[in-house]
Structures are given as structure tokens and as C-alpha cells.
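Reader: Please take me closely through one part of this model: how its strands pair. Then set that part against the whole chain. Keep it brisk.

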Amino acid sequence: MALITKKIKGTEDVLPKQSYRWQFIEQIMREESKSYGFKEIRTPVFEHTELFARGVGQTTDVVQKEMYTFDTKGGESVTLRPEGTAGAARAVLEHSLDNEGLPIKASYFVSCYRYEKPQAGRLREFHQFGLEVYGTQSPVADAELICAAQSILDRLGLEQVRLELNSIGCPECRAKYNRALRDYFGAYRDRLCETCLSRLEKNPMRLLDCKSPEDKKIAENAPKIIDYLCEDCENHFSEVKKYLDAVGIKYTVNPTIVRGLDYYTKTVFEFVTDLIGAQGTVCGGGRYDGLMDELGGKHIPSLGFAMGLERLLMVMDAQGVEIPDNDVCSLYIATMGDAAKVKAFSLLRQVRECGLIAETDVVGRGLRAQMKYADKIGARFSVVLGDNEIEQNRAKVKNMETGEQIELDLDDSFADKFSVHVLTSDKSFEF
Ligand code: HAM
């Protein structure tokens, strides 16, 4: 049988040598979102297809063209999540989390699936980190959410990412705006692509994010939603900007941002960069006051964002941000003979309990090959245990970089003493 060794187009592996890069950004996201009071939510990778059709919107590209949908053996239509918001909203409603007090602040890491044309920064399986806030209409929540996204991007060292902001109003302003859009695009009926023609009646705002070059050109001069906002939406938008100004978060108002998903109302925003090509949006989000109603639940005004982890890593690379690799082996114990092997086994357990990374030979190599391996993995210290060391119950701990050695007893004090030695040898360490 032929070996199956090719991954599916548009998917990526994260190999053991690369994973520290992911863990680095994930840790920053966890820490930062915790400091804003978010707690993690985990939802299934697949949901009823209807959830996304209703939540994300029937006329969106995601629902019309990009979902991984299949019938189960039980005859149910299920879909691999194309994004995290709908599933999290479903869980909030299903578990009546609003009974426990509002707002609810949830964070998540999710893998997402969209059947898009793969290119740099655009995958069919990709990963998002997201924050969602349920149960507030206040513009302070919008500003706080944007502030959380900015803090994360700052901590990742992403300087060349800019914030673009818009308001797409409430259903009331949207109705007026939709009429204006129908009038405008109606005049270009014979030049619009087929999908856009079908969207013209149902949801004309979707024409603004059509990917066809000709439709894009037509959309350039289309009416702007910002000119159709009702007083309430305008005030909301001004308040959001006021709070962002108060903490010095820079933004530009971009009236062309409408987002590709249907649930948005009022504030929408994107963090964008020019460093990684055409797919330069690293984070997108906004308010979605009507989503919970749309899903058949209570009226719970909400908002959130999601960042693409692959794109963030691309920007970090493009900017030359160095990601520290803390997964370095502190101690490698090379062994000769059975007694040494057993001793190493128990010493290493204690060293690991001190929070250090420690290894020994688990392959059955000779001493030279073991030391070669220690070198290869970049072990900071090594110990060679042979019959002599076992007899004297003492061994030399060697700094692999400087060659310096110290002697330690091979008893219960070994792990503690070794940990202190590691700390004090660390150039960046100060008492
Ligand atoms: P979205 O703009 O569709 O929004 O996706 C959010 C982010 O996911 C994008 O800014 C991008 O970084 C990343 N992304 C999207 N598609 C791909 C892809 N094919 N390949 C790689 N990365 C991709 C949402 O998904 C909303 N659920 C965000 C949200 C949360 N709004 C409110 N709460």
C-alpha cells in the first residue's frame, strides 16, 4: 500500500521545533485576556449547519461557498466551524449563562475551516484566538475589547499593524442604507457578478466585500454607511472613539469596512498590516447585538473579535520579532552501565520536579553518541555517570558552553543544588 504522506491542501503542520512560537503567542493571549477578566470557553469543532447558516448569514461567502458541510450517518447536516463566534454564542444560550450575571467574558482558541483558495496567509484550516463579551450595550465595552486586542498586539511586538474602525449601524440605519445601496448598485446591474446580483435584493451590503475586481471597482464609489447612521449609533461610535482617545490608541475611521459576516451591528474594526501581502487583516471583530435573537435566544447585545494565529506569526517574522525558545534542555545525564542508568532515572525525576527540562538516553546509545545528542539538543549542562561516580556518589556537572565544572553529591540534594546552579549561571539572572 502506498504511504500516505501528503497533507491536505490549505492545511499546515506545526512541528515540534516550531511549536514554541505558537506557545509564546498563546501564552501572551492567555495572560492578557485574563487581565481583562476573560475566561476560556471550549466548544465542539462541528455544529449543526443551521447554526452557521443563521448566525454567520445565508448571503455571506463563508456560508454560500466556504463551509465544510457533511451529512452524518444519522442523516444530520453538520459543519466544521468556519469561525468561533457562532458556537460560543450557542453555548452561552444553551447553558443560560446570562443567569449567572452579565457581562459574560469568554476567550477561545479554535481551529477553523473554510474552503477558500489557499494563498499566503489564507488557509483552509487556520487558527483563531478570540474574545467575546455578552450582555452589554455600553460603548465602554467596545473600547475595552479593542484595547485588549491592542494590548495583545503590543505585547507581541507588532508595530506595523494599524487599527481601522467603522460603524455599520443598527437595523434601523441599515434599512435606509440598504435602499441607497440598491439604488446605487441597481444602475450597474449588467456588470455585477452573479453572486452579487442575487445579493442585491437580499443583502446589498454584501456587495461591498465582493472579491471580483470589477465589482470591487464599482463598490469604490458606493454610498458609505457612516452617512446613514441614526443618532443613537452615531453617539455610540463617538463614545467608542472617546475612550480609545483617552488611552491613546490610534485608529483611522475606514468607512469601507463592513466585515464578511452578517451578524455585525454598530462598531466594526480590523487590525491590518501591509507586511504579509494581500491577506493583511490579522484581527477582525465588532458588535453583534442581534445574533442571540437570530439564534432564537434572548436579546443579549454582544461583541467580540478574533485574530488569525498564522497571520500573526507571519507578521512577527516579517518584522523580525525574535521569539524566545525557552524549551531548552537544562540537564543531560549521559550514562555508562546499568547502575548509572537507574541513578540517572531517579535524579532526573527530581530535577524535573524543580521545573527544569532534563533528559537522558532512552535509545541505548554509547557515551560518544549520547554526548553528540546532548550537543544537538543544545543541553546547557551535562553530567556523565559511570561506575566511578556511582561509587563515590559524586559527579561533575559541566556547563556545555563554557566548559566550567562543579561537583555535586548524587543524593537528595542534587536537584535543588543543580537548580540554584542553573539560575546563578544564567547571565540575565540577578539576586
Ligand atoms: P474573520 O474576519 O472572518 O472574523 O476572521 C478573523 C481573523 O481570522 C482574520 O482577521 C484573519 O486573521 C483570520 N482568518 C480568517 N480567515 C482565514 C483564513 N482562511 N486563513 C487564515 N486566517 C484566516 C471572524 O471569524 C469573527 N468570528 C470574528 C469575531 C469574533 N467577531 C466577533 N467576535
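Strand pairing

Author: Tyrosine 68 stands opposite leucine 80 in β4. This is a predicted model, where local features need pLDDT of at least 70, side-chain atom pairs count only at pLDDT 80 or more, and totals for chains, interfaces and linings use all residues. Residues are numbered from 1 along each chain as its sequence is written, and side-chain values use heavy atoms, with hydrogens and water left out.

Start with the partners of β4. Strand β3 (residues 68–71) pairs with β4 through 4 bridges, in the antiparallel sense. Two strands pair if DSSP finds at least two bridges between them. Strands are DSSP runs of E, at least two residues; helices are runs of H or I, at least four residues; both are numbered from the N terminus. β3 and β4 make a hairpin, with 5 residues between them. Glycine 75 sits in that turn, and its phi is positive, about 85 degrees.

β4 (residues 77–80) also joins strand β2 (residues 46–48). They run antiparallel, with 3 bridges. Here histidine 48 has valine 78 of β4 as its bridge partner.

Now β5. Buried means under 20% relative accessible area; exposed is over 50%, and partly exposed lies in between (1.4 Å probe, protein chains only). β5 pairs with strand β6 (residues 125–134) over 10 antiparallel bridges. In that pairing, valine 110 stands opposite glutamine 128 of β6. β5 also pairs with strand β1 (residues 39–40), this time in the parallel sense, over 2 bridges. Glutamate 40 has serine 107 of β5 as its bridge partner.

Now the whole chain. The protein has 15 helices and 16 strands. Its radius of gyration is 28 Å, well over the 22 Å that the globule rule gives for 431 residues, so the protein is more spread out than a compact globule. That radius is taken over C-alpha atoms, and the rule is 2.2 Å times the number of residues to the power 0.38. The C-alpha trace spans about 90 × 60 × 45 Å along its principal axes. Of the 431 residues, 48% count as buried.
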